[in-house]
Amino acid sequence: MKIPRSPYDVLVNVVGICSLGGTTLWLLTVWNRISDHIPVHYDLRGHVDRMAGKDSLWVLLAVSWVMFLALSVVERFPQIWNTGVQVTEKNQEKVYRTLKNMLGTLKMIIAVLFSYLVFQSAFGGDLPPQFLPLFLLVTLGSLAFFLVRLIRLK
């Protein structure tokens with residue numbers, strides 16, 4: 001089944017691509033001004049607890065692009081999704097639309113999160129103490145929101 005693009009699909013994809021594309025361009029532009037050693041790991045309070053070479057920023061950015069693109073591919077094939085509910089002719093469109101929105105939202109969250117981590121690491125600072133709880137709330141909260149919507153479609 002082909003799921004038509006909605007304005008929401010376009011929005012989350014534009015935000016994700018702009019976030020990752022902008023981060024890539026920014027990194028290329030400021031590369032020579034970034035310190036040779038940058039933070040690459042943070043403890044639960046957001047304090048730097050491990051440093052590495054600045055080349056690790058490219059790894060972080062590459063991982064974010066791979067995750068974004070992989071989710072984009074999965075998003076195009078609803079027949080491979082494990083919906084968690086029985087898909088019938090009556091609920092098929094709504095179930096697949098809900099899951100497509102969930103995947104798009106996750107793509108956008110991943111893109112924005114990884115872009116933020118690239119910037120934060122490049123500047124060499126600690127993460128704000130509320131970063132981890134906020135990240136978990138946004139990610140798990142959006143998953144919970146879409147899963148509840150999906151369950152209601154039974």
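**Basis.** I am working from a predicted model, where local features need pLDDT of at least 70, side-chain atom pairs count only at pLDDT 80 or more, and totals for chains, interfaces and linings use all residues. Residues are numbered from 1 along each chain as its sequence is written, and side-chain values use heavy atoms, with hydrogens and water left out.

**Aromatic pairs.** I looked up the ring pairs and found eight. Rings of Phe, Tyr and Trp (its six-membered ring) pair if their centres lie within 6.5 Å; planes under 30 degrees apart are stacked, over 60 edge-to-face, the rest tilted.

I took tryptophan 26 and phenylalanine 119 to start. Their pair is edge-to-face, with 4.5 Å centre to centre and 65 degrees between the planes. It links distant parts of the chain: tryptophan 26 sits in helix α1 (residues 7–30) and phenylalanine 119 in helix α3 (residues 92–123), 93 residues apart. Helices here are DSSP runs (H or I, at least four residues), numbered from the N terminus. Phenylalanine 119 has a relative accessible area of 26%, so I note it as partly exposed. The cut-offs are under 20% for buried, over 50% for exposed and partly exposed in between (1.4 Å probe, protein chains only).

Next I checked tyrosine 116 and phenylalanine 131. Their rings are stacked, 5.6 Å centre to centre, with 20 degrees between the planes. Tyrosine 116 is in helix α3 and phenylalanine 131 in helix α4 (residues 131–152), 15 residues apart. Tyrosine 116 is partly exposed because its relative accessibility is 31%. Phenylalanine 131, at 16%, counts as buried.

I also found Trp26, Phe119 and Phe123 in one aromatic cluster.

**Charges over rings.** I searched for NZ of Lys or CZ of Arg within 6 Å of a ring centre and within 35 degrees of the ring normal. Lysine 54 lies over the face of tryptophan 31, at 4.7 Å from the ring centre. Lysine 107 lies over the face of phenylalanine 68, at 4.8 Å.

**Helix α4.** I compared its length with the expected span, 1.5 Å times one less than the number of residues. The 22 residues of α4 should span 32 Å; the end C-alpha atoms are 31 Å apart, which agrees.

I listed Phe131, Thr139, Ser142, Phe146 and Leu150 as buried in α4. They cover an arc of only 75 degrees around the axis, so they lie on the same side of α4. The arc is that of the directions from the helix axis to the C-beta atoms. The face turned away carries the exposed residues Leu137, Leu140, Ile151 and Arg152. The buried residues of α4 pack against α1 and α3, where contact means heavy atoms within 4.5 Å.

Key. Helices (H or I, at least four residues) and strands (E, at least two) are DSSP runs, numbered from the N terminus.
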